[in-house]
Amino acid sequence: MGDQPQKGHRPVSDELPEPPEIARDVFVGEAWDRAGAFAELLAGPGVVRGLLGPREVPRIWDRHLLNCAVVAEAVPEEVRLVDIGSGAGLPGLVLAIVRQDITVTLLEPLLRRTVFLEECVEALKLDNVEVLRGRAEELAGQREFDVASARAVAPLDRLLTWAMPLLREGGELIAMKGERAAGELAEAQPQLQASGARTAELVTVGHGKVEPPATLVRVVAGRAPERARRRRRR
């Protein structure tokens with residue numbers, strides 16, 4: 001069953017498809033077995049507990065696992081990454097699977113989701129992941145990260161208020177936004193300025209691996225104007 005990933009890639013449901021061939025080029029080495037096991041966990045306990053809709057099961061590989069895995073192309077080496085509103089572990093847990101060089105914090109406020117994430121981390125034997133129950137606002141000022149990732153959590157302007165206080169100066173927010181990316185980036189200009197962002201741009205990843213390629217908004221954190229004023233007062 002889905003809670004026994006060591007038994008291989010046998011689907012827990014007739015709806016869970018076999019992984020596409022391209023998946024072998026994306027999930028290499030130990031990541032291949034872990035990706036298959038995570039697919040089963042999503043299709044089994046993930047659906048039963050309401051973290052993923054039943055209609056998403058046939059699309060677990062292409063829409064979820066592969067689409068999240070290619071985000072790794074935009075993640076620098078050996079960084080500390082926080083996945084805001086991690087939900088079922090998308091994209092944070094997938095990034096931890098494909099990038100053993102990074103450390104990943106899965107930040108999620110809902111208990112039933114953090115329980116699922118902890119079970120996944122244990123089942124997949126991932127030693128580069130921690131699960132934290134809480135909100136980004138609560139973590140601000142306590143922890144600092146190199147990269148923040150997010151998928152379908154909130155509009156970009158609101159996401160900026162959560163992510164930027166968690167990033168070191170020069171750190172990056174990588175938000176999966178799809179076809180709405182350009183519009184959200186334009187609408188978020190006031191918040192980008194208020195948060196002291198250095199740059200903000202659209203990036204596409206996964207060419208030749210997912211169709212269409214995944215569209216990201218990448219924002220490089222500067223020093224927020226209010227933070228700079230506080231430091232000058234000191």
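Biologist: Which classes of residue make up the lining of the largest pocket?

Modeller: The lining has 17 nonpolar, 10 polar and 12 charged residues. Asp, Glu, Lys and Arg count as charged, Ala, Val, Leu, Ile, Met, Phe, Trp, Tyr, Cys and Pro as nonpolar, and the others, Gly among them, as polar. This is a predicted model: local features need pLDDT of at least 70, side-chain atom pairs count only at pLDDT 80 or more, and totals for chains, interfaces and linings use all residues. Residues are numbered from 1 along each chain as its sequence is written, and side-chain values use heavy atoms, with hydrogens and water left out.

Biologist: What makes a space a pocket?

Modeller: On a 1 Å grid over the protein atoms alone, a pocket is an open set of points where a 1.4 Å probe fits, with protein on both sides within 12 Å along at least five of seven lines; lining residues have an atom within 4 Å of a point. Here the largest pocket holds about 900 Å³, the space filled by probe spheres set on grid points joined across faces, edges and corners. Of its 39 lining residues, Leu90, Arg151, Ala152, Val153 and Met176 lie nearest the centre.

Biologist: Which elements give two or more residues to that lining?

Modeller: They are helix 3 (60-69), strand 2, helix 6 (136-139) and strand 7 (214-220). Helix 3 gives the most, with 4 residues. Helices (H or I, at least four residues) and strands (E, at least two) are DSSP runs numbered from the N terminus.

Biologist: How do you know that strand 1 pairs with strand 2?

Modeller: Pairing needs at least two DSSP bridges. Strand 1 (residues 80-84) and strand 2 (residues 103-108) are parallel and joined by 5, so they pass. Ile84 has Leu107 as its bridge partner there. Strand 1 also pairs with strand 4 (residues 145-151), in the parallel sense over 3 bridges. In that pairing, Leu81 stands opposite Val147.

Biologist: Why is Ala152 called exposed?

Modeller: Exposed means over 50% relative accessible area, buried under 20%, and partly exposed in between (1.4 Å probe, protein chains only). Ala152 has 73%, so it counts as exposed. Its place is the loop between strand 4 and helix 7. Lys125, in the loop between helix 5 (111-123) and strand 3 (129-133), is also exposed, at 64%.

Biologist: Which peptide bond at Pro91 is cis?

Modeller: The bond from Leu90 to Pro91 is cis, with omega near 10 degrees, and Pro91 sits in the loop between strand 1 and helix 4. Glu211 and Pro212 are also joined by a cis bond, with omega about 0 degrees. Pro212 belongs to the loop between strand 6 (199-205) and strand 7.

Biologist: Why does Leu216 count as buried?

Modeller: Its relative accessibility is 0%.

Biologist: Which residues of helix 7 are buried?

Modeller: In helix 7 (residues 156-163), they are Leu156, Leu159, Leu160, Trp162 and Ala163. They cover an arc of only 165 degrees around the axis, so they are on the same side of helix 7; the arc is that of the directions from the helix axis to the C-beta atoms.
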